[in-house]
Amino acid sequence: MGFEVEEIPIIELNMMDKRKYFPLTLASGLTIRSILYPFMLIKTRLQIQKGRTVYRGTFDAFIQISRMEGASGLYRGFWLSCLQLFPSMAYISTYEGTRHYLLETHGVTDNRIRSFVGGGLASITGQTLAVPIDIVTQHLMLMGRRNPAKASGQSTFPGTDKRAQQKVSSLQHFHLSESDARSRFGAVRAIVRVIYKQDGLLGFYKGYFISLACFAPNSALWWFFYDSYSVLFASVTPVFIPRLAIQVVAAPLSGISSALLTNPLDVIRARIQVEGTKLGETVKLLWKEEGIWIITKGLSARLVQSVTFSFFIILGYETIKRWSILDEYKDKVRW
């Protein structure tokens with residue numbers, strides 16, 4: 001008489017071959033960052049501008065940056081941001097390790113609670129390593145660069161182009177020399193030098209606590225919603241639907257839910273890190289500039305980024321877990 005093998009809904013850390021899991025996770029992170037970086041750059045510029053002084057929205061920012069700065073303008077600071085892959089590895093290791101610890105040591109079986117706690121602690125670990133890189137990268141994102149294709153010829157609308165460049169330049173609070181601004185490594189050295197001169201080593205952790213206040217809840221809520229949506233959808237869909245399909249639907253919804261709840265904190269964080277203002281002063285300035293609309297400032301770009309990021313990160317994350325699973329668990333996992 002046959003019997004049905006009990007399905008494992010979540011692949012845990014102890015069920016995987018770490019020699020496969022971590023290298024594949026690193027490669028997946030680089031690929032996803034390459035795809036989503038333009039949205040990160042646009043979101044940062046929208047959050048830093050006052051009102052709509054430079055861009056009218058996400059699509060307008062994409063068009064203007066592409067026209068004025070070329071495709072490379074959408075990837076300004078990308079190579080430096082790739083260093084974020086190491087904090088990302090620390091993040092996922094902390095998340096998986098915390099979930100395992102809560103289950104094995106404290107007997108916590110509710111996946112939503114394990115995910116909520118793991119996501120929050122993972123964010124604290126990741127942010128501690130990532131904030132200095134994030135601060136320098138944000139300043140690079142705000143540095144407009146003229147489209148090289150236009151540099152050799154006369155623009156059809158030279159006055160318009162000049163005014164547009166001046167508007168973009170107004171977002172950058174560091175005034176770098178032309179040679180530094182045009183040099184990939186020179187710009188980074190100049191920004192690091194200015195930050196250190198103004199605030200010392202603590203300058204590289206400006207906005208650290210507001211980053212934790214923004215990203216830790218966002219991370220905790222994201223994983224909480226992800227597990228909640230996954231369980232809900234799995235309970236109402238036929239068994240022939242691949243679990244991976246359910247997960248890649250749950251992930252974008254998790255991104256939307258967490259982004260809507262934490263967007264004002266993300267706006268405040270970006271302002272503090274770029275402009276160097278204190279929390280109370282930043283909140284007052286933003287309220288004066290935006291009023292209640294602070295909740296939607298840069299939200300469209302953030303939602304696009306969050307939905308796309310959530311889809312691809314879970315597609316990669318869950319696929320890699322299945323590729324890395326130990327032989328003894330393979331027949332218990334539904335693709």
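Biologist: How many nonpolar, polar and charged residues does the lining of the largest cavity have?

Modeller: This is a predicted model, where local features need pLDDT of at least 70 and side-chain atom pairs count only at pLDDT 80 or more, while totals for chains, interfaces and linings use all residues. Residues are numbered from 1 along each chain as its sequence is written, and side-chain values use heavy atoms, without hydrogens or water. Sorted by class (Ala, Val, Leu, Ile, Met, Phe, Trp, Tyr, Cys and Pro nonpolar; Asp, Glu, Lys and Arg charged; the others polar), the lining has 19 nonpolar, 20 polar and six charged residues.

Biologist: Okay, and what volume does that largest cavity have?

Modeller: The structure holds one cavity of 30 Å³ or more. A cavity here is a set of points on a 1 Å grid where a 1.4 Å probe fits but cannot get out, and lining residues have an atom within 4 Å of a point. The volume of the largest cavity is about 1300 Å³.

Biologist: Which residues of its lining are closest to the centre?

Modeller: The largest cavity, at about 1300 Å³, is lined by 45 residues. The closest to its centre are Arg33, Ser88, Tyr91, Gln305 and Phe309.

Biologist: Which helix gives the largest share of that lining?

Modeller: Elements giving two or more residues to the lining are α1, α4, α5 (111-141), α10, α11 (243-275) and α13. The largest share is 10 residues. Those 10 come from α1.

Biologist: How does α1 lie relative to α4?

Modeller: Helix α1 (residues 18-48) packs on helix α4 (residues 85-106) at about 130 degrees, with the axes 10 Å apart. Angles under 35 degrees count as roughly parallel, over 145 as roughly antiparallel, 65 to 115 as roughly perpendicular and the rest as oblique. So α1 and α4 are oblique.

Biologist: Which residues of α4 make that contact?

Modeller: Contact means heavy atoms within 4.5 Å. On the α1 side sit Tyr21, Phe22, Thr25, Leu26, Gly29, Leu30 and Arg33. By class, the contact has seven nonpolar, four polar and two charged residues. From α4 come Leu85, Ser88, Met89, Ile92, Ser93 and Glu96.

How values were computed
Axes fitted to C-alpha atoms, helices over the stretch in contact; angles between N-to-C directions. Helix = DSSP H or I, 4+ residues; strand = E, 2+ residues; numbered from the N terminus. 1 Å grid on protein atoms, 1.4 Å probe; cavity = no way out; pocket = protein on both sides within 12 Å on 5 of 7 lines; lining within 4 Å. Points joined across faces, edges and corners; volume = space filled by probe spheres on them.
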